[in-house]
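Dear colleague,

Please find below the structure for your records. The notes that follow it concern salt bridges.

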Amino acid sequence: MAVNLQEKKSIKNCEILIVGAGFSGVYQLFRLREEGFDVHLVEAGAGLGGIWHWNCYPGARVDTHCQIYQFSRKDLWEGWNWSERFPGWSEMRDYFDYVDEKLELSKDVSLNTRVEAARFDEAQGCWILETDSDTDFEATYIIVCAGFASKPYIPDLPGLEKFSGPAHHTALWPQDGIDFTGKKIGVIGTGASGIQVAQEASKVASELVVFQRTPNMFLPMGQERYSEEDNVKMKSELPAHFEARKESFGGFDFTFDPKSALEVSEAEREETYERLWEAGGFKFWLGVYGDIYTDETANRTAYEFWKKKTRERIDNPKLAEILAPSDPPHPYGVKRPSLEQWFFEIFNQGNVELVNLREERIDRVLPHGIKTIKREFNLDVIALATGFDAVTGGLTSINLIGTDGVPLKEKWSKGVRTHLGLATANFPNMLMSYGPQAPTGFCNGPSSAEYQGECIIDMLKHLRSSGFSKFDVMPEYEEKWRNHIIDIASKTLFPKANSWYMGANIPGKTKEILMYPAGLPSYLEEVKEAASKNYEGFEFS
Ligand code: FAD
């Protein structure tokens, strides 16, 4: 290790530097090591696990069933037992500790090390990365595995800094927790994290105020406890679950029904919806008729079913109209429908209030609470469940400078450009996993880490075996890829929602589809095809 005397920082050299220790980064680490590469991983957080390190708010829980929310390596799953179908954050952390111990990952990991800036040095043919720790890095290749949810978004709420109690974004929750017992809790936002916090707070808070902007079409989780016997049975079935993922749009162990929602009889449709609903998890999202996502009439059948099921659970008809409106705010399922356990019932309790921000926006945060344009709410704690600068935020918050001197943030300010969701022009030798224009947010996290992960590993092996040490993207191919995915998305209902899938939750962000919208199997086919043509769209030297 060399020492940079000027800055008194040491410099570590490696062939491949991975940024981020979630499923994607950890997968890259153990697979690339197995392939004989000299590889190191840096992680901003104090532990492995990616989002499961940061998201320790009350109720934080996985919403993919555990069977496929884990690595598919037999030497890992055969020694691990899950306690629940949808594990909580603490169990996910234990799982990552187990993976670490089993595969001896820590020796190649630098924790508490955030990459702040990076540029490719043409003369040396390597990346130079500056971190906030006492070590900087030089690497021939970098793989950015920063995740789609590593840049929390907090909207401009006047007065927030003057709030006298704790006010935290869910992804920046204090690691030692906050006791909600007997307190007045405000939860801003009703996405996946917001409803998980609200469910927990409703049990112990003296008052809970839920601030909702857009009604979220939550699905019943169908949580189950698993015994040791259940785990034995599960393990006998796991290989089939893993195998099914590569045939599934979302990298799950099930996929869309090829029939049209409109071609079947009403009775059959109702029976299908009932079955999917009862199965819990994402079955009623990714197991429905495929044309739900391309045809508004078909889509409305799913919404009507969801509305009927949801309204049955809410006593007050006025609240039912706010939570599950007569007409959908956007087509069903084109925003991520999180899983809930007892969310709708909390509004039947005396200690819970719902505020419809569409009618009464927040005016300001006061030292003792929140003032809307109509009322004031006294609060002790505020949970900001306000989402993320999703998909691109992790990458653009690193000061990545292109070989043309243009920062990535600037390059993408007028829309994202990548080739195959793997790399972007003028950032040679940089690969991305679970980033923009790949299946990412439409795909189960571990499935993406493994399947897209293998595409990355294949490419690095190709470079090594061909004797190349540098690649870059040909700009015309990133325009082609961009137009291709915009074209696919235009045939779906996804652009009809102001979702983070579309970049529409962040003021000023270009509204565009941020993910590859034709599903994991098609994506893998497209990458395979490019690879078979000598990695068409890339230039090697
Ligand atoms: P992440 O897990 O996000 O890990 C990225 C890591 O990169 C982070 O640890 C971060 O600290 C690190 N990092 C970022 N920038 C830097 C930097 N500059 N320097 C150093 N380190 C950096 N997906 C599902 O499929 N199913 C689920 O049930 C599910 N539940 C979720 C629940 C929550 C609360 C959230 C926020 C997301 C959830 N997701 C879920 C999506 C989730 O992102 C993926 O499942 C999976 O964690 C992705 O893994 P990853 O390694 O790509 O990214």
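The side chains of Arg311 and Glu321 form a salt bridge, at 2.3 Å from N to O. The term denotes a side-chain nitrogen of Lys or Arg within 4 Å of a carboxyl oxygen of Asp or Glu. Arg311 belongs to helix H9 (residues 296-311) and Glu321 to helix H10 (residues 317-323), so the pair ties together parts that are 10 residues apart in sequence. Helices (H or I, at least four residues) and strands (E, at least two) are DSSP runs, numbered from the N terminus. Arg311 is partly exposed at 27% relative accessibility, and Glu321 is partly exposed at 34%. Here buried means under 20% relative accessible area, exposed over 50%, and partly exposed in between (1.4 Å probe, protein chains only).

The model is predicted: local features need pLDDT of at least 70, side-chain atom pairs count only at pLDDT 80 or more, and totals for chains, interfaces and linings use all residues. Residues are numbered from 1 along each chain as its sequence is written, and side-chain values use heavy atoms, with hydrogens and water left out.

A second salt bridge joins Asp108 and Arg33 (2.8 Å, N to O). Asp108 sits in the loop between helix H4 (89-103) and strand S4 (109-110), while Arg33 is in helix H1 (residues 23-34), so this pair ties together parts that are 75 residues apart in sequence. Asp108 is buried at 16%, whereas Arg33 is partly exposed at 22%.

In total, the structure holds 42 salt bridges. Arg31, Glu34, Glu35, Arg73, Asp75, Glu454 and Lys461 are linked in a network of them.

Yours sincerely
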